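Here is my note on the model you sent. Please keep the viewer open while you read.

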Amino acid sequence: MTTTIISERTSIAAQRIEIADVSAYYGSFTALSGVSMTIEPRAVTAFIGPSGCGKSTMLRAINRMHETIPGARVEGSITLGGESVLDRRVDPVAVRSRVGMVFQRPNPFPTMSIRDNVLVGVRLQGRRLSRSDADDLVEMSLRAANLWEPVKAILSKPGGSLSGGQQQRLCIARAIAVKPDVLLMDEPCSALDPISTAAIEELIANLRRDYTVVIVTHNMGQAQRVSDATAFFTVDGAGQPGRLVEYRDTTTMFSRPVDPRTADYLAGRFG
Amino acid sequence: MTIAFSDMTASPTRTLGSSGRRVSRFFETGSRGVAVAAGGVVILALGGVTVFLTVQGWPAWTAASGLPQNASSLWALAGPLAFGSVWASAIALVLTAPISVGVALFLSEYAPRRVARVLGSVVDVLAAVPSVVFGLWGLMVLAPMLAGPYAWLSAKMGWFPLFSGQSSATGRTILTAAIVLSIMMTPIMASVCREAFTQTPQALREAAIALGSTPWEVIRLAVLPYGRSAMISGCMLALGRALGETMAVAMVLSATPGLVSLQVLTSSNPNTTAAFIAQNFPEAHGMQVSALIALGLVLFAITFVVNAVARRVARPRKEA
Ligand SMILES: Nc1ncnc2c1ncn2[C@@H]1O[C@H](COP(=O)(O)OP(=O)(O)OP(=O)(O)O)[C@@H](O)[C@H]1O
Ligand SMILES: [Mg+2]
């Protein structure tokens with residue numbers, strides 16, 4: 001393809017995301033309007049806000065998943081390490097190999113073995129791995145996802161045979177096996193029990209050493225625990241576009257929010 | 001659910017709730033009764049057919065004379081016919097399976113929605129065309145059309161065992177019969193597969209897309225594994241139709257009694273069980289009737305085995 005976006009990760013700067021005046025549409029409906037923000041590399045950024053304010057839409061614009069919905073499109077500019085993501089000439093497949101995603105409901109390939117689930121991204125990129133390199137990659141990714149101990153003896157079992165929390169960690173292992181620059185997580189714990197949730201939060205704290213992590217969450221406690229920066233989105237009412245209201249470091253955001261709408265939202269949550 | 005809810009609300013709706021419960025009881029027991037009855041009817045019918053085929057065909061199994069085609073035993077008659085049935089159906093399945101999956105993928109993944117809807121109903125109509133029509137078309141249009149290509153195939157690729165031998169001048173070979181069969185099987189299998197493919201969970205598709213899959217890789221990772229058991233049951237439905245098909249085969253195929261041969265282009269071809277029964281029944285009497293019924297039992301057994309095998313293969317691997 002005409003793009004250079006598959007470059008090996010060279011510096012931390014390659015993991016910075018710049019979002020400039022992004023609007024997103026579903027057909028004629030504007031779901032998100034005029035979002036500008038810089039997402040810092042190797043840090044955890046949380047998106048919070050009421051249902052329907054466009055958090056998922058923003059997230060899915062970053063790896064160009066948004067455009068896979070019929071009639072959906074994005075305007076504005078998103079760059080990853082200075083390279084345009086939304087440029088029509090850029091292959092979305094290449095973008096997605098640099099920007100991994102974890103979904104709300106765990107979605108491992110159910111009949112594929114645990115091992116193959118971890119390797120699937122690397123194989124999609126057409127990279128040939130020797131048997132021992134593949135073994136190493138599987139172990140490394142599963143360790144990074146805190147899943148190695150429970151599954152090391154059952155790597156050939158299907159991904160669908162794990163518990164929900166384990167499946168979600170398998171999805172994280174699958175996403176990081178390709179060594180992406182960015183990891184997007186859309187409410188990764190909302191289908192999980194508190195213990196699995198704690199395990200994943202701990203994992204996110206480790207992931208931020210290597211990856212730029214963007215997480216959508218409805219759990220204010222979680223946002224406070226895991227994130228370095230928080231972005232609050234809101235929407236005025238049905239049919240209105242979602243907007244970014246306030247974006248700052250998490251501690252300040254939760255202790256001294258500047259915008260009254262943020263203060264109301266946070267207060268309402270804890271009130 | 002609604003019953004439990006109305007039970008908990010101590011309010012005037014109580015009476016309404018309890019009458020609703022009575023009505024729903026009625027449907028509960030009623031529907032269970034219907035289900036049990038339907039299941040019973042199916043099993044009885046199946047058992048009845050088996051008993052009929054066994055009892056009525058019994059004398060033929062030990063008979064040494066009076067059999068159709070002056071066969072020396074029923075086995076000598078049934079063997080080549082069973083072979084013909086399986087062989088013709090197998091060729092037809094080899095042609096049908098990839099085409100059906102391709103058509104189904106095109107309709108579910110690639111075609112614009114409107115095109116898919118029109119083509120989908122065309123496929124469904126094709127599935128409903130009576131087999132005599134396919135038989136006529138196969139005999140009068142397809143067979144003459146294929147005679148030329150068959151001659152070419154046997155000249156150029158005669159070294160390949162299936163294409164060896166003198167090619168038929170009329171084109172009425174087992175390959176033509178299999179092609180006609182596969183045209184009849186394709187709509188069935190394609191619509192079963194399409195149904196399953198379109199139901200692939202969005203979450204699985206997105207898992208594949210988010211990992212950087214091309215559309216074909218989405219199919220490979222999400223759609224085909226999800227549709228696996230549907231593809232297998234589609235094959236079985238199609239095979240069932242092919243094994244039992246009489247008219248189309250009887251009309252198209254120029255068969256040689258008692259022949260077992262893998263050559264698909266020659267003018268001498270094995271007959272199929274179903275076509276043989278249909279062709280001979282009108283003239284049959286006495287032991288011959290028994291023999292034809294015994295052949296029916298053989299066909300029944302073949303179908304049964306095919307289905308049992310398919311069930312084993314199709315059984316989904318353990319999932320959470
Ligand atoms: N596939 C779609 N087609 C049409 N409109 C959509 C689609 N997905 C989302 N929307 C609309 O876009 C707006 C933003 O949705 P989005 O899913 O981004 O919200 P969200 O902030 O993630 O909400 P939640 O917290 O409930 O997940 C909503 O008004 C929603 O109805
Ligand atoms: Mg969402």
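1. **Ground rules.** This is a predicted model, in which local features need pLDDT of at least 70, side-chain atom pairs count only at pLDDT 80 or more, and totals for chains, interfaces and linings use all residues. Residues are numbered from 1 along each chain as its sequence is written, while chains are lettered from A and ligands numbered from 1 in the order in which they are written.

2. **Chain A overall.** Chain A has 10 helices and 10 strands. Both are DSSP runs numbered from the N terminus: helices are H or I with at least four residues, strands are E with at least two. The radius of gyration of chain A is 18 Å, close to the 18 Å of the globule rule for 271 residues, so chain A is as compact as a globular protein of that length. That radius is taken over C-alpha atoms, and the rule is 2.2 Å times the number of residues to the power 0.38. The C-alpha atoms of chain A fill a box of roughly 55 × 45 × 35 Å along the principal axes.

3. **Burial and contacts in chain A.** Of the 271 residues of chain A, 48% count as buried. Buried means that 20 or more other C-beta atoms lie within 10 Å of the residue's own; exposed means 12 or fewer, partly exposed is in between, and C-beta atoms are placed from the backbone. Now take contacts in chain A between residues at least 6 apart in sequence: 70% join residues at least 24 apart. A contact needs two C-beta atoms, placed from the backbone, within 7 Å.

4. **Chain B overall.** Chain B has 11 helices and zero strands. Its radius of gyration is 26 Å, well over the 20 Å that the globule rule gives for 320 residues, so chain B is more spread out than a compact globule. The C-alpha trace of chain B spans about 85 × 55 × 35 Å along its principal axes. Of its 320 residues, 37% count as buried.

5. **A tryptophan to find.** W87(B) lies in helix α3 (residues 74-110) of chain B. Is W87(B) buried or exposed? W87(B) is buried, because 20 other C-beta atoms lie within 10 Å. Leaving out residues up to four places away in sequence, W87(B) touches I174(B) and P270(B). W87(B) and N271(B) are 184 residues apart in sequence, but 9.8 Å apart in space, C-alpha to C-alpha.

6. **Helix α4 of chain A.** This helix covers residues 131-144; at 1.5 Å a residue its 14 residues should span 20 Å, and its end C-alpha atoms are 20 Å apart, which agrees. The expected span is 1.5 Å times one less than the number of residues. L137(A), V138(A), S141(A) and L142(A) are buried in α4(A). Seen down the axis, the buried residues of α4(A) fall within an arc of 120 degrees, so they line one face of the helix. The arc is that of the directions from the helix axis to the C-beta atoms. The face turned away carries the exposed S132(A), D133(A) and D136(A). What covers the buried residues of α4(A) includes α3, α5 (148-151) and α6 (164-176) of chain A.

7. **Helix α7 of chain A.** Which residues of α7(A) are buried? They are S196(A), I200(A), L203(A), I204(A) and L207(A). These fall within an arc of 105 degrees seen down the axis of α7(A), so they line one face of the helix. The face turned away carries the exposed P194(A), I195(A) and N206(A). Among the elements that the buried residues of α7(A) pack against are β3 (44-48) and β8 (212-216) of chain A.

8. **The ligand.** Ligand 1 is surrounded by 13 residues, and the closest are Y26(A), A31(A), S51(A), S56(A) and T57(A). A residue is near a molecule if its C-beta atom, placed from the backbone, lies within 6 Å of it. α1(A) gives the most to this shell, with three residues. The shell residues divide into five nonpolar, seven polar and one charged. Nonpolar are Ala, Val, Leu, Ile, Met, Phe, Trp, Tyr, Cys and Pro; charged are Asp, Glu, Lys and Arg; the others, Gly among them, are polar.

9. **Where the chains meet.** 21 residues of chain A are in contact with 17 residues of chain B. On the side of chain A that touches chain B, α2 (92-98) and α3 (114-124) of chain A each supply at least two residues. The residues of that side divide into 10 nonpolar, nine polar and two charged.
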